[in-house]
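This report describes a single protein chain, going from its overall make-up to individual residues.

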Amino acid sequence: RVGGGRLPAVEVVDMRGRREEQRALFESGRQASFDPFRHVVSEPLERALHERLAKKEQSILLLNRRGYASFVQCGGCGDVASCPNCSISLTAHRAPERLVCHYCQHHEPPRTVCKRCGAPTLKQRGLGTQQVERLLVERFPSANIARMDVDTTSGKWAHADILDRVASGEVDILLGTQMIAKGLDFPNVTLVGVVDADVGINLPHFRASVRCFQLLSQVAGRAGRGPKGGDVFIQTRVPDHHAVRCAVEHDYVGFVRRELEGRYDPPYPPATRLVNVVFSGLREEETMQLAIDAADRLRAMLARRPEFDVTIIGPSKCPIERIKNRWRSHFMLKSEQAAQLTRVARYIAEKLPVPASGQMRVVVDRDPVSLL
């Protein structure tokens, strides 16, 4: 750290089985009621929050998921409220109360009955920053709590206003998504808590662990930047995951060494280079057929050029197969020869015939950041 500052101590809190333990205590009569706050904030983190409030010090809590609940599900038939324009579930929001798609911004009033079976057995599942904020206000009524996510920072200067309140000491607990993990330097922040470190760690993407490690390392660095020092609590259900273990030990080199082991078989960057070719259109069948035809055409061309060491993977539907009413299919190109990959990608961008029907689009994404 700049100036020889000491990195904060990091403690992992294993959240596995805590909800079941609490429910068992309640059903056996040893606990008066089922406490939803304890399912979200563990006892060690709650004690640390009480200590900081007593000392007039500040805390930061991270949950990289906005809204109130991740999705709404029928308890009878299991149907999940989904976006009519995207292959994604709708997120429950409060103030205003509505269901929102975070891709196309479609929104609709909250449902009272299931659209599939008509039963009034809808339940909110998952956790968002709005729900955590409500629980914190109920548990710490005298604390000044600020929430920082896309919903609270969409207005002009809203972002700066929240940070100014934190800098002046007006805010006791700052709760937010990944936007609070980077660049903040408040000497009076002596506690950082990661409410759920598992968000995004199991996404179908070869960089999922990297993003988790980055986020944990960055938010941990917000604590103890002054002479008072600091502590970090990471709540997780996968405490043995290498991204979590290395973040606890501030071990970047160890994380890279462990991560590289999984990048050679099958090969992923940096063992190889990637191009993600994404096809999108208004009709599902035509979009998939265009991807198949393009891949076949490319394979035939590469068969005539044996000196090209380029592998085609796919085509298949994208993990999120529809966004903003556009169906999406893709295939990937892999090669250790960057120049060859460039020539093939240029051929696709310049020479691949794209039919006008269905308003087809082709995106050639070299060294893609995301494959979703």
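Ala-208 is buried, at a relative accessible area of 5%. Here buried means under 20% relative accessible area, exposed means over 50%, and partly exposed is in between, with a 1.4 Å probe and protein chains only. Ala-208 belongs to helix H6, which covers residues 208–220. Helices (H or I, at least four residues) and strands (E, at least two) are DSSP runs numbered from the N terminus.

Neighbours within four places in sequence aside, Ala-208 is in contact with Gly-200, Ile-201 and Leu-203. Contact means heavy atoms within 4.5 Å. The C-alpha atom of Ala-208 is separated by 9.6 Å from that of Ser-370, and these two residues are 162 residues apart along the chain.

## Basis of the model

The model is predicted: local features need pLDDT of at least 70, side-chain atom pairs count only at pLDDT 80 or more, and totals for chains, interfaces and linings use all residues. Residues are numbered from 1 along each chain as its sequence is written, and side-chain values use heavy atoms, with hydrogens and water left out.

## The chain as a whole

Ten helices and 15 strands are assigned in the protein chain. Its C-alpha trace spans about 75 × 60 × 45 Å along the principal axes. Of the 372 residues in the protein chain, 46% are buried. Taking contacts between residues at least 6 apart in sequence, 71% join residues at least 24 apart.

The protein chain has an accessible surface of about 18900 Å², and 50% of that surface belongs to carbon and sulfur atoms. Accessible areas come from the Shrake-Rupley method with a 1.4 Å probe; for residues, only the protein chains shown count as cover. The chain carries 54 positive and 43 negative charges, and the mean positions of the two sets are 3 Å apart. Lys and Arg count as positive and Asp and Glu as negative, while His and the chain ends are not counted. Each charge is placed at NZ of Lys, CZ of Arg, CG of Asp or CD of Glu.

## Cysteines

There are zero disulfides in the structure, a disulfide being a pair of cysteine sulfur atoms within 2.5 Å. Cys-114 is in no disulfide, and the nearest cysteine sulfur, that of Cys-77, is 3.6 Å away. Cys-114 is buried, with a relative accessible area of 3%.

Cys-246 is also in no disulfide; for this residue the nearest cysteine sulfur is that of Cys-212, at 11 Å. Cys-246 is buried, with a relative accessible area of 7%.

## Arg-147 in strand S8

Arg-147 sits in strand S8, residues 145–148. The residue is buried, with a relative accessible area of 14%. Its side chain makes a polar contact of 2.9 Å with the side chain of Asp-149. A polar contact is a pair of N or O atoms within 3.5 Å; within protein, one must be able to donate a hydrogen and the other to accept it, and residues adjacent in sequence count only if both atoms are side-chain atoms.

Residues up to four places away in sequence not counted, Arg-147 touches Thr-129, Gln-130, Glu-133, Thr-152, Ile-162 and Leu-175.

## Thr-121 in a loop

Thr-121 is in the loop between strand S6 (107–108) and strand S7 (122–125). At a relative accessible area of 30%, Thr-121 is partly exposed. Not counting residues up to four places away in sequence, Thr-121 touches Gln-73, Cys-74, Gly-75 and Gly-76.

A polar atom of the Thr-121 side chain lies 3.3 Å from the backbone nitrogen of Gly-76.

## Backbone geometry

Two cis peptide bonds can be located in loops. The bond from Ala-95 to Pro-96 is cis, with omega near 0°, and Pro-96 is in the loop between strand S4 (91–93) and strand S5 (98–100). The bond from Pro-269 to Pro-270 is cis, with omega near 10°; Pro-270 lies in the loop between helix H8 (252–260) and strand S12 (273–281).

Gln-105, a residue other than glycine, has a positive phi near 70°. Gln-105 is found in the loop between S5 and S6 and is partly exposed, at 43% relative accessibility. Asp-367 has a positive phi near 50°. Asp-367 is in the segment after strand S15 (361–366) and is partly exposed, with a relative accessible area of 33%.
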